[in-house]
Amino acid sequence: FTGAEGPNAFRSIKWSEVQVGNFVKLTRDQPVPADLLLVFSTPGGAAFVDTAQLDGESSLKPKQAVDETQHMIRNSSVHSVEG
């Protein structure tokens, strides 16, 4: 997330350029080589994560976005997220 408002608020960068506090927009089946906090997901804030490389289990694990952030992102209030 670049901090700019509008349709160009997100830009493509290398994983090595991701910094603490960045918002990262992911698409379905995209690998994630970092620890991330799920703040929004469609539909309904749920996502299923493959953790096979971490724990050897082949089943997808359900993860849920925090209600407060799910609501903020849905209403385009991402610019007011603090903390």
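Colleague: Reading along the sequence, what pattern does the chain follow?

Modeller: The order is β-α-β-α, from 2 helices and 2 strands. Helices here are DSSP runs of H or I with at least four residues, strands are E runs of at least two, and both are numbered from the N terminus. Before we go on: this is a predicted model, where local features need pLDDT of at least 70, side-chain atom pairs count only at pLDDT 80 or more, and totals for chains, interfaces and linings use all residues. Residues are numbered from 1 along each chain as its sequence is written, and side-chain values use heavy atoms, with hydrogens and water left out.

Colleague: What is the mean pLDDT of the chain, and which elements have the lowest and highest means?

Modeller: pLDDT is the predictor's confidence in each residue, on a scale from 0 to 100. The chain averages 74, with 73% of residues at 70 or more. Among the elements, helix H2 (residues 67–74) has the lowest mean, 70, and strand S2 (residues 60–64) the highest, 85.

Colleague: Why is Ser41 called buried?

Modeller: Buried means under 20% relative accessible area, exposed means over 50%, and partly exposed is in between (1.4 Å probe, protein chains only). Ser41 has 11%, so it counts as buried. It sits in the segment before S1. Leaving aside residues up to four places away in sequence, Ser41 touches Ala46, Ala47, Ala65 and Gln70, where a contact means heavy atoms within 4.5 Å.

Colleague: And what makes Thr51 buried or exposed?

Modeller: Thr51 comes out at 10% relative accessibility, so buried is the word. You'll find Thr51 in the loop between S1 and helix H1 (52–55). Its contacts, again without residues up to four places away, are Gly56, Glu57 and Lys61.

Colleague: How much of the chain is buried?

Modeller: Buried residues are 13% of the 83 in the chain. The chain exposes about 7,000 Å², and carbon and sulfur atoms supply 52% of that; the areas come from the Shrake-Rupley method with a 1.4 Å probe, and for residues only the protein chains shown count as cover.

Colleague: What share of the contacts between residues at least 6 apart in sequence joins residues at least 24 apart?

Modeller: That share is 35%.

Colleague: How do you know that Asp55 and Lys61 form a salt bridge?

Modeller: The rule asks for a side-chain nitrogen of Lys or Arg within 4 Å of a carboxyl oxygen of Asp or Glu. The closest N and O atoms of Asp55 and Lys61 are 3.1 Å apart, so the pair qualifies. Lys61 also meets Glu57, at 3.2 Å from N to O, and Asp55, Glu57 and Lys61 are linked in a network of salt bridges. By this rule the count comes to 3 salt bridges.

Colleague: Which residues make the nonpolar surface patch?

Modeller: Trp15, Val24, Leu26, Val32 and Leu36, covering about 360 Å². Patches are built from residues with over 30% relative accessible area and no salt bridge; like charges are joined within 9 Å, and nonpolar side chains (Val, Leu, Ile, Met, Phe, Trp, Tyr) within 5 Å.

Colleague: Why are Val24 and Val32 called partly exposed?

Modeller: Val24 has 31% and Val32 has 35%, so both fall in the partly exposed range. Val24 lies in the segment before strand S1 (46–50), and Val32 is found in the segment before S1 too.

Colleague: What does Val32 touch?

Modeller: Trp15 and Leu26, not counting residues up to four places away in sequence. The C-alpha atoms of Val32 and Trp15 are separated by 8.8 Å, with the two 17 residues apart along the chain.
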